Amino acid sequence: MNSEALQQQQARRVLAMLDASRHSLAALRAAVELAHAHRAELVALYVEDENLLRSADFPFAREVGARTGLARPLTVTGMQATLSRQLQQVNRALESAAGGRSLRYSLQVRRGGVVAATLAQVGPADMLVLGKAGLSAYCGGVRLGSTCRALLQQAPCTVLVYDESAPLRPGPLRVLSQPVPSELLQLPLCTAVEALQARSARALEQQLQRASSGALLLHRAEFKVLADEDAQLLARIPVPVIVLPDPA
């Protein structure tokens with residue numbers, strides 16, 4: 001590897017999008033491991049959702065407790081306090097996960113639409129790490145969140161989808177088609193390439209139901225086909241999922 005290529009590899013950033021949900025905090029821990037392994041800069045991104053603040057301005061706005069089912073008034077003051085608490089939790093989680101490591105890291109706070117604000121921060125050379133579900137996840141199980149789906153379809157960079165139940169253990173990088181970018185083979189969770197023969201969402205889920213290490217790699221076109229067939233497939237895949245953007 002020449003010096004220019006080495007500098008480009010070292011300049012890669014790993015971005016973790018955080019919202020204080022347990023899935024995003026688990027994704028943060030995975031992002032720390034990936035950034036540390038690649039000597040990359042870690043950027044934790046927290047977006048204050050402008051749409052939530054706007055909705056709280058309506059006098060009839062209510063929020064419903066995910067566990068209790070009880071409705072209570074939603075106010076701008078209350079929403080701002082909630083966002084402030086979430087930011088404090090995110091900052092503590094970042095310091096706990098990355099502090100003490102030989103790792104460059106920072107917390108960036110933005111306000112706006114979550115998808116648009118995230119897309120404005122990532123570039124083609126970055127890796128974006130997401131939790132499968134956010135704070136609105138169903139208590140009864142993981143569902144692929146709308147923000148996660150949107151970023152999988154629009155991000156200009158490699159996206160890794162992770163949740164607290166998916167192990168970050170070295171194992172095969174499972175693929176449906178080639179090519180496989182060489183930098184993905186350098187990830188600490190990928191030891192070899194394993195070609196899968198699945199041609200449907202159901203077949204893919206069956207082939208991976210006992211997987212406990214490594215990751216699944218999908219090109220964006222493959223993700224879109226599978227998502228059209230089963231929108232919640234990725235939520236049930238038991239290993240991290242990597243989605244590559246469309247070729248430039």
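Me: What makes the meeting of the side chains of R12 and E183 a salt bridge?

Reply: The side chains of R12 and E183 come to 4.0 Å, N to O, and a salt bridge is defined as a side-chain nitrogen of Lys or Arg within 4 Å of a carboxyl oxygen of Asp or Glu, so the pair qualifies. R12 lies in the loop between α1 (3-11) and β1 (13-18) and E183 in the loop between β8 (171-175) and β9 (190-195), so that distant parts of the chain, 171 residues apart, are linked; helices here are DSSP runs of H or I with at least four residues, and strands are E runs of at least two, numbered from the N terminus. By this rule the count comes to six salt bridges.

Me: How far can such values be taken?

Reply: This is a predicted model, in which local features need pLDDT of at least 70 and side-chain atom pairs count only at pLDDT 80 or more, while totals for chains, interfaces and linings use all residues. Residues are numbered from 1 along each chain as its sequence is written, and side-chain values use heavy atoms, with hydrogens and water left out.

Me: Why is α6 called oblique to α8?

Reply: The axes of α6 (residues 146-154) and α8 (residues 220-229), lines fitted to C-alpha atoms over the stretch in contact, with angles from 0 to 180 degrees between N-to-C directions, come within 9 Å and cross at roughly 140 degrees. Angles under 35 degrees count as roughly parallel, over 145 as roughly antiparallel, 65 to 115 as roughly perpendicular and the rest as oblique, which makes α6 oblique to α8. The contact (heavy atoms within 4.5 Å) is made by L151, L152, Q153 and Q154 of α6 and R220, F223 and K224 of α8.
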